[in-house]
Amino acid sequence: MSRDSAPRAAVAPLVLALPRGRILGEVLPLLARAGIRPEPAFGDPESRKLRFRSSRPEIELIRVRSFDVATFVAFGTAALGIVGNDVLMEFDYPEVYVPVDLKVGRCRLAVAEPASLSREDDPTRWSHVRIATKYPETTRRHFAARGVQAECIRLSGATELAPALGLCQRIVDLVASGRTLRANHLVEVEHIADITARLVVNRAALKVDPAGVGIWVERIREAVDAV
């Protein structure tokens, strides 16, 4: 069988879950180098579809919220997915195998607070913090490792508004350029983790179909290494 032969003829296509949002534009060229290109409807802003064919008959694409990619993969409804390790840290699914760092979507998970507060604040002296975040589990673990009790208020978006509206003084969120923080008069005061997009695989799918799933892990790995 040649390298480009479809190893999974006559069986259902593998589902690859892709995240909506900012990293998708960096992910698609990488997938193209691996030989996976979505059908035209994938790029149509008017399309309401969530499930798409690809240039490879053995690969089907779904486009979902980034936080849902890990769940689709963990429960086996998608064999493969692409998601930031911020999501993986938050859910920590044992069913998810993470074989490849795609080295795109670079940002960081950080603690931020109002610039006016940071001038006299000392994070090393915190014993209890109240924090708005969409990463409560990651936040609690981070502060527990320092002996700090974290009271987390879960927000799914607009986290930067929390200090200005008096919900709490501090947030934990993703930071790329820092422009959103500056626009809301916030500054980073503590680094939690560096974040990149990762290829994730359902462990059971890889065990049941090591050739069919494994070949795409290797092709995507080669596409990353070729950059």
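Buried means under 20% relative accessible area, exposed over 50% and partly exposed in between, using a 1.4 Å probe and protein chains only. Keep that in mind for the first stop.

This is a predicted model, in which local features need pLDDT of at least 70 and side-chain atom pairs count only at pLDDT 80 or more, while totals for chains, interfaces and linings use all residues. Residues are numbered from 1 along each chain as its sequence is written, and side-chain values use heavy atoms, with hydrogens and water left out.

**Stop 1: strand β3**

Select residues 59-64, strand β3. Strands here are DSSP runs of E with at least two residues, and helices are runs of H or I with at least four, numbered from the N terminus. Ile59, Leu61 and Arg63 point one way from β3, Glu60, Ile62 and Val64 point the other way, and all are buried. Six of the six residues of β3 are buried, so the strand is largely enclosed by the rest of the structure.

β1 (residues 14-19) runs parallel to β3, joined by six bridges, and leucine 18 has arginine 63 as its bridge partner. β2 (residues 51-53) is antiparallel to β3, with three bridges; there, arginine 51 partners isoleucine 62. Five residues lie between β2 and β3 in their hairpin.

**Stop 2: a five-strand sheet**

Next, show the open sheet with the order β8-β7-β9-β6-β10, where the pairing is mixed. β8 (149-154) and β10 (186-195) stand at the edges with a single partner strand each, so one side of each is left without a neighbour in the sheet. Zoom in on β6 (residues 107-114), which pairs with β9 in the antiparallel sense over five bridges. Valine 111 has valine 172 in β9 as its bridge partner.

**Stop 3: cysteines**

How many disulfides does a search of the whole structure find? It finds zero, a disulfide being a pair of cysteine sulfur atoms within 2.5 Å. Cysteine 107 is buried, with a relative accessible area of 8%, and cysteine 168 is buried at 6%.

Notes:
Two strands pair if DSSP finds at least two bridges between them.
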